[in-house]
Amino acid sequence: MLSVIDLRCEYLEGDVVLDELVPRLSWQVHSPAAGQWQSAYEIVVVNSADSFSDEPVWSSGRVTSSQTTQIVYGGPAPKPLQEYKWRVRVFDQDGVESDWSQPSRWGTGFLDNSNWSASWIQCVNEWSIAPPGGPYERQNWLMLSPPMHLRRNFDIDDSYTKATVYATARGVYQLSINGQRVGDHELSPGWTDYAVRQQYQAFDVTDHLQSGPNTLGAILGEGWYAGMVGFNQKQAGGHWGKIPQLLVELHIEYGDGRVRRICTDELWKGSMGPRIRSDILQGELYISSGEIDGWDTVGYDDSNWKPVTVLPELGPACLVAEPAPPIRVTRTLAPKSVSRSGSGSWIIDFGEYVSGVTELEVDGEPGTPVAIRHGEWLKNGEVYTDNLHTASPTDIVLLRGGLQRYRPLFTQHAFQFVEVTNYPGELTVDRITALQFHTDFRGAGEFECSDPLLTQLVQNVDRTLRSNSMSIPTCEPARDERMAYVGDAQFASATAMYVRDHSAFYTKWMRDILDTTRSLEGLFANAAPTPYPDEGAPGWGDGGVVIPWTMYRFYGDTRVIDEMWDAMGAWMSSIYDANPDLIRKHRLNSDFNDWLVPGGADQTPHAVLATAWWAWCARLMAEMAEVTGRSADEAHYRDLASSLARTFADTFFDSDGRLEGDTQTVYAMAFRMGLVPKELKAAAAKHFEASLERESYSVRVGFAGVGFILPALHEAGLTHLAYRLLLNQSFPSWLYPVTRGATTIWERWDTLDADGQISHETMNAFSLVVLGSAVEWLYRGVAGIESVEGAGGMQQLAISPVPGPELSWAQATHRTPHGVVTSRWEGEDDMIRYTFDVPTNAQALITIRTSDSAKFQELSGKAEWTTTADTVFAHVRSGRFELRAPAAQPEPADLVTAE
């Protein structure tokens, strides 16, 4: 019998609040037995106060389907501020019904701005302080304002049954009730284009309240809305507003059906606290003598606090419940070492890269200033910060006297090393802790192999993804940039989705991308959200097409395609209008081309790269049109893709298979994107190999080519060279940083040069995921896990590993929407032993390449295997399959066909 687990609504688990009129439901089915699948399901939705035996809000009835994801709620339109609970049961392939699942809940938010009762409030402070970042000749003197403490008293009787607080800020906020922090979020409400869309959060605070007097408190900071954002020092901050504002509604429910609302209004008061500044980019200055004991508790005397200003309108931005996991502290790290530097400061090494803040325990005389400076690396034994531009990595606390613990509130640093200056006494490892925070998305994959450096590379990618997930996928987390570049994210999008669950995170971010198109006549920008919207470059703007397609491949999500379709179509039309001859050489905008090729010599012709991206997008548009039922659009984009492929071949290929530019990137893109004519594959593969040989088999690709080169080598019949590149440890290579102690992916191949010295003082981040996008091939190639061609959501799996003699074993697991799939292979003498786990309710096409199919052995699991001279394959359902076969011979290039 099947069991039903992992119920989710809009990709989120637990009690969630959503502003979705038609939410999507999902679950997984599980059985310890092999070959099991769901043949039908039944969903029941009721009001949260009702029993499942009561009249349902919606019942799907028995639906014949194996689908367990993207199930659209089919009941009446939800009302604002309602809570529902739902459960599901399923039927197996023999019609045997499961038990009902445990119930799950979702609630609706306000659904429309008109349903809010609260007003925006603000409290202007007379203090301001110049930002500390430098060098000052690049710094405009935007004045940072201190975070404000805001409070309101109210009384309730003891008949309340439930309380929920809804809150947001134009800025960042932290709530408390009766001295108890509300929730565990960091830097809420997150970053959006605040002129278009403003997120709010909902918290159950029933246990925070007490009968009689209560106090609702908030600390309000500038955040992305009014603080320092971005790298343009002529427009360094205050992009959406100059004064932070707060919006709060506390709903107190009573047994008789009454709901009382405590709102932000004229009854609130405000005051400065101990934080003179607390800025995401500029760190925090904390004066302990300014602490306000008991400020958010009943009985505090606020007679000297300032009245707030109430704004008359909510404004045009749409208020929406946060659709993605919040930023949370996910780990605390103790130091690996504490030592003295040559300058006498304390140097703390946490052993790995962290994005977040540090918490310090200190005991000293009142007024003693202690500085905590964060850096990504060491230079000459000191914390290195020259690469951070105008961002300040320093938090300063002036002590209160006596033992205290200090952590900053509204800033974020990225670091492995910390320098503490002027610390009283001995700083020991138990006195300082790193608090790692990021968007709290769950892990989705693991990869291990016989080469520990390669295993470490995958862990470095994961660490890089976490450190760059702060409500948006930032390009890097340390300097004064931290933009969500669409190109950077799309280059690594498949890698990211193999490693972490980006389903809800990217759903939110796709809406950020759409919001930014409003300022660009409907076209994609290079980054979103951004205070500097500019029309996207090839590969960057094209990410608005590539990422929705990748989300479909991983999650089966067609709604994101529907939401993005008009913008994707406008983007494709803008390219055609500027390039009717089908060679993309006009309207290239910023034209980053193959950004950051090692050595700085980007020799890839711009028109070749841009036209390849255009052809790739046309092909993906056709596939997305097909799966969303847009038949006319499908025909149009298939014709366009075919025409672009022909024009590309006729224009850029010589008759001997040489591609214009003759760089590793042009061949990588052409093979991976299916742009190499069949009759030229063998010849083009020889040129591809020659492009590696000229560089002594070192990688010479930038951002555009790095994710394509390994699968392209495999598709060109050069798998042995893919392994050679992958496992190379010399500079430049993927493993060179690992040998240098990197725990993340660097922005540049030569962040440290061949001598181990920091090579660039200005643009040189130690955490930027793009060059780690080769990890996709470890999952999709080495382990062989992906969806079958054209399918989405990984319910129809293709498992086709590519063992290499350089590794003795490799194993990958990936958490698909339907459960965990595992692929492992291990050399045994002249044979390879394979172990595959296919989750319940999934199917897989397992393909084994071998030099002698007659020696194939099925050790466990039952399937109908088809054999050719060099291939064994079978279509299977769930279960474990253990197989043995001789290793494959390298494929001739002329027999390889690109996808």
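Tutor: Let's start with strand β40 (residues 831–838): eight bridges join it to β45, and the strands run antiparallel.

Tutor: Keep in mind that this is a predicted model, where local features need pLDDT of at least 70 and side-chain atom pairs count only at pLDDT 80 or more, while totals for chains, interfaces and linings use all residues. Residues are numbered from 1 along each chain as its sequence is written, and side-chain values use heavy atoms, with hydrogens and water left out.

Student: What makes β40 and β45 a pair?

Tutor: Strands pair if DSSP finds at least two bridges between them. Here there are eight bridges, so β40 and β45 count as paired. As one example, M831 stands opposite P886 in β45. By the way, a strand is a DSSP run of E with at least two residues, a helix is a run of H or I with at least four, and both are numbered from the N terminus.

Student: And how do you know that strand β42 (residues 857–860) pairs with β45?

Tutor: Three bridges join β42 to β45, again antiparallel, and that meets the need for at least two, so they count as paired. In this pairing, S860 sits across from E882 in β45.

Student: Why is β45 called mostly covered?

Tutor: Buried means under 20% relative accessible area, exposed means over 50%, and partly exposed is in between, using a 1.4 Å probe and protein chains only. In β45 (residues 879–886), seven of the eight residues are buried, hence "mostly covered".

Student: What makes helix α14 (residues 719–727) largely enclosed?

Tutor: Seven of its nine residues are buried, so the rest of the structure largely encloses the helix. The buried residues of α14 are T719, L721, A722, Y723, L725, L726 and L727. They pack against α2 (452–467), α11 (681–693), α13 (709–715), α16 (775–782) and β39 (819–828).

Student: Which residues touch the most other members of the largest nonpolar core?

Tutor: W27 and F688 do, in a core of 198 residues. Helix α8 (residues 606–627) gives the largest share of this core, 14 residues.

Student: What makes a set of residues a nonpolar core?

Tutor: The members are buried Ala, Val, Leu, Ile, Met, Phe, Trp, Tyr and Cys residues, joined through side-chain atoms within 4.5 Å. In soluble globular proteins, nonpolar side chains tend to be buried together.

Student: What is F688 in contact with, leaving aside its neighbours within four places in sequence?

Tutor: Contact means heavy atoms within 4.5 Å. On that basis F688 is in contact with Q664, Y667, A668, F671, I709, A712, L713, A716 and L718. There is also a second, separate core of 32 residues, and A163, A169, L220 and V248 are among its members.

Student: Why is H389 called buried?

Tutor: Its relative accessible area is 15%, and that is under 20%, so H389 counts as buried. H389 lies in the loop between β30 (382–384) and β31 (394–398), and it has a positive phi of about 60 degrees although it is not a glycine.

Student: Why does S145 count as partly exposed?

Tutor: S145 has 24% relative accessibility. S145 is in the loop between β10 (121–122) and β11 (148–156). The C-alpha atoms of S145 and R277 are 6.2 Å apart, although 132 residues separate them along the chain.

Student: What makes L21, V22 and V72 a nonpolar patch?

Tutor: Nonpolar side chains (Val, Leu, Ile, Met, Phe, Trp, Tyr) are joined within 5 Å, like charges within 9 Å. V72, in strand β7 (residues 71–72), has 42%, so it passes the area cut-off while being partly exposed. Together L21, V22 and V72 have about 230 Å² of accessible area, a value from the Shrake-Rupley method with a 1.4 Å probe, where for residues only the protein chains shown count as cover.

Definitions and conventions:
Patches are made of residues with over 30% relative accessible area and no salt bridge: like charges are joined within 9 Å, nonpolar side chains (Val, Leu, Ile, Met, Phe, Trp, Tyr) within 5 Å. A salt bridge is a side-chain nitrogen of Lys or Arg within 4 Å of a carboxyl oxygen of Asp or Glu.
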